[in-house]
Amino acid sequence: MIAIHVENVKKFMSDLFTGNLFDNFHVRHCEVVTFLRLELEGERCREWYDTGEYPEDRQNQIAWSECKPIVFQWIKGKKTPVKMKLDFCHYLENGDIGSLRIEYTRESLTAYTGYMQKDFSMDREGQQEWDNYCQNVLEKNFC
């Protein structure tokens, strides 16, 4: 796990809500505090869908591209949120899960990486690759 302080908060937020860099990430949890706290759990609610309409995928979680319009609508306006936390996960081809937590508090934004292995192993190569990937993407675009 590494922590990356994002320098260009304005560009990051713009890309988060109007770009597609994070669209394929799945949302585990989202919390936004404005005048009221909005919390979203990323698990898809099967009961809401009609027969045959439920999107079958192994994750059963909402992609950021599906819920970002809701969150964007919530924060739009003249004031910035008091705080925002986004817990993203990305399902890797090898069955492991890379995670990225975004924490924003009054002009300060930090990203934290995480890694969950499908099977127990002392090998940390996958975790190191995920950390490096996240660090490279964030530093290239926002630091």
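**Pocket, helices and aromatic pairs of a predicted model**

The largest pocket is lined by 16 residues, of which Lys10, Met13, Ile75, Thr80 and Pro81 lie nearest its centre. A pocket is an open set of points on a 1 Å grid over the protein atoms alone, where a 1.4 Å probe fits, with protein on both sides within 12 Å along at least five of seven lines, and lining residues have an atom within 4 Å of a point. The volume of the largest pocket is about 370 Å³, taken as the space filled by probe spheres set on the points, which are joined across faces, edges and corners. Helix α1 gives the most to this lining, with six residues, and α1 and α2 each supply at least two. The structure is a predicted model, in which local features need pLDDT of at least 70 and side-chain atom pairs count only at pLDDT 80 or more, whereas totals for chains, interfaces and linings use all residues. Residues are numbered from 1 along each chain as its sequence is written, and side-chain values use heavy atoms, with hydrogens and water left out.

Helices (H or I, at least four residues) and strands (E, at least two) are DSSP runs, numbered from the N terminus. Helix α2 comprises twelve residues, 64–75, and should span 16 Å at 1.5 Å a residue, in agreement with the 15 Å between its end C-alpha atoms; the expected span is 1.5 Å times one less than the number of residues. Trp64, Cys67, Lys68, Val71 and Ile75 are the buried residues of α2, where buried means under 20% relative accessible area, exposed over 50% and partly exposed in between (1.4 Å probe, protein chains only). An α-helix has 3.6 residues a turn, so residues three or four places apart point the same way. The cover over the buried residues of α2 includes α1 (9–18), β2 (26–33), β3 (37–41) and β4 (83–91). After α2 comes Gly77, with a positive phi near 145°.

Helix α3 has 18 residues and reaches 25 Å from its first C-alpha to its last, close to the expected 26 Å. Its buried residues are Trp130, Asp131, Cys134, Val137, Leu138 and Phe142. They fall within an arc of 135° seen down the axis and therefore line one face of α3. The face turned away from this buried side carries the exposed residues Asn136 and Lys140.

Twelve aromatic pairs are found in the whole structure. Rings of Phe, Tyr and Trp (its six-membered ring) pair if their centres lie within 6.5 Å; planes under 30 degrees apart count as stacked, over 60 as edge-to-face and the rest as tilted. The pair of Phe25 and Phe88 is tilted, because the ring centres are 5.7 Å apart and the planes stand at 55°. This pair joins distant parts of the chain, with Phe25 in the loop between α1 and β2 and Phe88 in strand β4, 63 residues apart. Phe25 counts as buried at 7% relative accessibility, and Phe88 is buried at 1%. Phe25 also forms a tilted pair with Trp130, at 6.2 Å centre to centre and 50° between the planes. Trp130 lies in helix α3 (residues 125–142), 105 residues from Phe25.

Conventions: Contact = heavy atoms within 4.5 Å. Arc of directions from axis to C-beta.
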